[in-house]
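Here's a quick briefing to read alongside the model. Have a look at the structure first, then work through the points by topic.

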Amino acid sequence: MAVEFNRQKLELALEERQNYTNIFSSIHIFDTVSSTNTTAWELLKAGIKPGFAVIATTQTSGRGQWGREWDSPKGGLYLSVALNSHLEVNHGYQLTLASAWGIAQELRDNGISVGIKWPNDLVLDGYKLGGILTETKVKQALITQAVIGVGINWENSTPKTGINLQSWQKNQNNLNFISLEKLTAKIIQGIESGIHCLEREGVDILLSRYVRLLVNIGQKVYVNNNRGTIVGVNPSGSLHVRMESSNSESVTTPYIDLKPGTISLGYRKTS
Ligand code: BTN
């Protein structure tokens, strides 16, 4: 089924959002694009000022993390936002962490109990509801512009590890269904509140909030056949793991940091 955006309803929903400096003030809606991230970069190149969102009904070459393809049939929500940034290049991942926290928190505030699976997945009942892909333009070790792309399973079919929001809503006793337009506005507001938190309150506060919604805290992982426990995430987005030291005499701190993309955590049910 095609996702039909009612532009007027979307604009009304956007007006209702809290004013986090209104980072994204204009919306460009398309039917089919190769990737909303690509369209956002093209609009920037054409001189459109950062501070806008791009939405499409379907993508022909949707991009996922780690060079993967993001299957983008009709029925899913495909959204990208473009913004200015002044982050150091090695802090770029903070934009993904900020967006993941902001979106998850915003949806939770609206009765949708979304958690975060490190580093960039939005999960619901232990299944993947959506993901985030941030791309950046860098000049002299500083990020100057960023495009943050979000894909959400709305009413499209998903792989076994996925879940779509419409079927989840139908299984809830709550009659307070969120519409596609409201969901879109909440996601844009979530990104705005995440970026606002990062810029105004700093990365330590952001991380403390991100970690509270992280479903992986306490999860056991194996690194080179040694067992460890996930205890946090550091400012570059790496996973902080406390290793079980086999040598009780060891004086070295048994903590390691794993960069995004170096370990896959799989899906598991959340409580
Ligand atoms: C992931 O791998 O989990 C991240 C997926 C991000 C997909 C979104 S859909 C909108 C935007 N356009 C793209 O090509 N990718 C992102």
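**Around the ligand**

There are 21 residues around the ligand, and Ser35, Gln59, Arg63, Gln65 and Lys128 come nearest. Keep in mind that this is a predicted model. The space the ligand takes up is the largest pocket.

**Polar contacts and cover**

- Gln59 uses its side chain: one of its polar atoms there sits 2.9 Å from a nitrogen atom of the ligand.
- Arg63 comes in with its backbone, where an N or O atom lies 2.7 Å from an oxygen atom of the ligand.
- Gln65 also brings a backbone N or O atom, 2.7 Å from an oxygen atom of the ligand.
- On its own the ligand has 410 Å² of accessible area, and the protein covers 98% of that.

**What the shell is made of**

- By class, the shell around the ligand counts twelve polar, six nonpolar and three charged residues.
- Helix H2 (36-45) and strands S3 (77-84), S6 (127-139) and S7 (142-152) each put at least two residues into this shell.
- Strand S6 gives the largest share of the shell, with four residues.

- Leu133 belongs to strand S6, and it counts as buried because its relative accessibility is 12%, with the cut-off for buried at under 20%.
- Glu16 sits in the loop between helix H1 (7-15) and strand S1 (26-33). Its relative accessibility is 59%, so Glu16 counts as exposed, the cut-off here being over 50%.
- Glu16 and Val150 are 134 residues apart along the chain, and their C-alpha atoms are separated by 21 Å.

- As background, most peptide bonds are trans, and most residues other than glycine have a negative phi.
- Trp118 and Pro119 are joined by a cis peptide bond, with omega about -5°. Pro119 is placed in the loop between strand S4 (115-117) and strand S5 (121-124).
- Ala141 isn't a glycine, yet its phi is positive, about 65°. You'll find Ala141 in the loop between S6 and S7, and at 47% relative accessibility it counts as partly exposed.
- Asn225 isn't a glycine either, and has a positive phi of about 70°. Look for Asn225 in the loop between strand S8 (220-223) and strand S9 (226-233); with 75% relative accessibility, Asn225 counts as exposed.

Conventions
Residues numbered from 1 in each chain as written. Predicted model: local features only at pLDDT ≥ 70, side-chain atom pairs only at ≥ 80, totals over all residues. Heavy atoms only, no water. Near = heavy atom within 4 Å. Polar contact = N/O pair within 3.5 Å; in protein donor to acceptor, adjacent residues only side chain to side chain. Areas by Shrake-Rupley, 256 points an atom, 1.4 Å probe, with all protein chains shown as cover. 1 Å grid on protein atoms, 1.4 Å probe; cavity = no way out; pocket = protein on both sides within 12 Å on 5 of 7 lines; lining within 4 Å. Sits in = over half its atoms within 2 Å of the grid points. Nonpolar A, V, L, I, M, F, W, Y, C, P; charged D, E, K, R; others polar. Buried < 20%, exposed > 50% of the residue type's maximum accessible area, 1.4 Å probe, protein only.
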